[in-house]
Amino acid sequence: MNFSLGFALTAMVESLKGVPVTLFLIVATFGLALPISFSMALARVYKIFPLDPLIRLYVSFVRGTPMLAHLFFFYNLLPMVIRKAMFGLGLNGNLVYDLNPVWLALFVLLLNYLTFMSENFRAAILSIQKDQFEGAYAFGFTKAQAYRRIIIPQAMSTALPALSNSAIGILKSTSVVFVIGVRDVTANAKQVAATSYRYLEAYVDILIIYLVICFLITRIFQLAESRIRRR
Amino acid sequence: MFEMRGIKKSFNGNRVLNGVDVTVDKGEVVAIIGASGSGKTTLLRCANFLERADEGNVRVGDKWVDVKKANKKDILDIRRMTAFVFQNYSLFSNKTALGNVSECLTTPRKVPRDEARRIAMEALTRVGIADKADDYPSELSGGQQQRVGIARAIAVSPDIIFLDEPTSALDPELIGEILLLLKDLALAGATMLIVTHEIRFAMEVANQVLFMDEGLVVESGPPREIFRFPKEERTRAFLRRFTSDFDYQI
């Protein structure tokens, strides 16, 4: 067995071309999941019917099934449904085949990480002492004002370490979206490796890339934490 | 002027308040005393709807509210005309001392930011912790936190301040300074309804003392009458416990 440094470098350059897609998936998933998962957490904390039982069902379904299976399932299901729907609306449904699979990947990632992040937020909201609400109510805050000014900022900083874990989880999960044809870091590495039959070099490269991105994410959250957490 | 009439409240079928009347005139200090479980704190919490009474009326200034019919706006109105000092301070842990005070002006009362900061700084100066304005509650001692709690209460210039055992969570050496601060407020004309175990404070500062037992005001009157010549046996029994350890020595 020999390790070609030269090829490792070539493969690195190719793999790096997937970084924008990987980063996009992380940022978009996390960014969209923040407000939605927080709302889900609220619905659960306040046991809002019928959202509360529905979300519980959804969370247990997603948690109990692998994301890879979701990718395969929705890759087959969604385009079909969208195509039908578009034809139904008098649009050219065949356009759905031009759709970049990255959107499907985003959908599945979101589907998965909404559950984790809503649990992160639920725990954070539940950890806030009742007196924080009472302090606000006693001075005439409406419920919305209390949430906006007092509760959400506190829940955010409490949830930050757990959210950091979720963000890293998203990063790692992006590595399987190549199965539906997304050109991410892993997909690029696999392709360049396949053309030369040198897999080891390419896979070492993506490990390094993921490690670096993971380090960056951790760093960002550390900075955010030290910013918020002076209390 | 503040009034509560015929306040009744049960928790799970357990009667805690049995038709209580309270009147606090402008500039007056009324102290509520009584054993634990007599309903003092619940009464105070019913005054600003932190707890919703089952029956009765609450009046702040010209606003009368029937607790049964009170809607969200009535409750907000009452809360925005009053202030509350908590036993455990209940400061916002994500806000500095200054932020805790100014937030209560900007968010619910729509005071412009700069003016709110100015008023908040004034209030912090008045309670003697202007130098801690930028500290978070977790960086303050109990006594300092309660000062912020009091600053928050005076900054909103309320018709009345409700104080729920404001010194009960404090170390003994800090109790005195907080009581002194409250006395200064009283002398400056603040209207206060205070639940307290500090008999001497009630004696010196209150215009009127209510003794509560089993959800009822058993006896009320000027402090000197209540403490020196209690008419009711229950009041006497309660006060005996206190007079014996007014000054405890070892």
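Which strands of chain B does helix 2 of chain B lie across? Helix 2 of chain B lies across strand 4 (55–60) and strand 5 of chain B, and runs at about 135 degrees to strand 5 of chain B; axes here are lines fitted to C-alpha atoms, for helices over the stretch in contact, and angles run from 0 to 180 degrees between N-to-C directions. This is a predicted model, in which local features need pLDDT of at least 70 and side-chain atom pairs count only at pLDDT 80 or more, while totals for chains, interfaces and linings use all residues. Residues are numbered from 1 along each chain as its sequence is written, and chains are lettered from A in the order in which they are written.

Helices (H or I, at least four residues) and strands (E, at least two) are DSSP runs, numbered from the N terminus. Four strands of chain B form an open sheet in the order 2-1-4-5 with antiparallel pairing, where two strands pair if DSSP finds at least two bridges between them. Strand 2 (14–24) and strand 5 (63–66) of chain B are the edge strands, each with a single partner strand, so one side of each has no neighbour in the sheet. From one strand to the next the twist averages 20 degrees. Strand 1 (residues 2–11) and strand 2 of chain B run antiparallel and are joined by eight bridges; B:Met4 has B:Val22 in strand 2 of chain B as its bridge partner.

The contact between the chains (C-beta atoms, placed from the backbone, within 7 Å) involves 22 residues from chain B and 17 residues from chain A. On the side of chain B that touches chain A, these elements give two or more residues:

| Element of chain B | Residues |
|---|---|
| Helix 2 | 72–81 |
| Strand 6 | 82–85 |
| Helix 3 | 97–106 |

Helix 2 of chain B gives the most to this side, with three residues.

Conventions:
Two residues are in contact if their C-beta atoms, placed from the backbone, lie within 7 Å.
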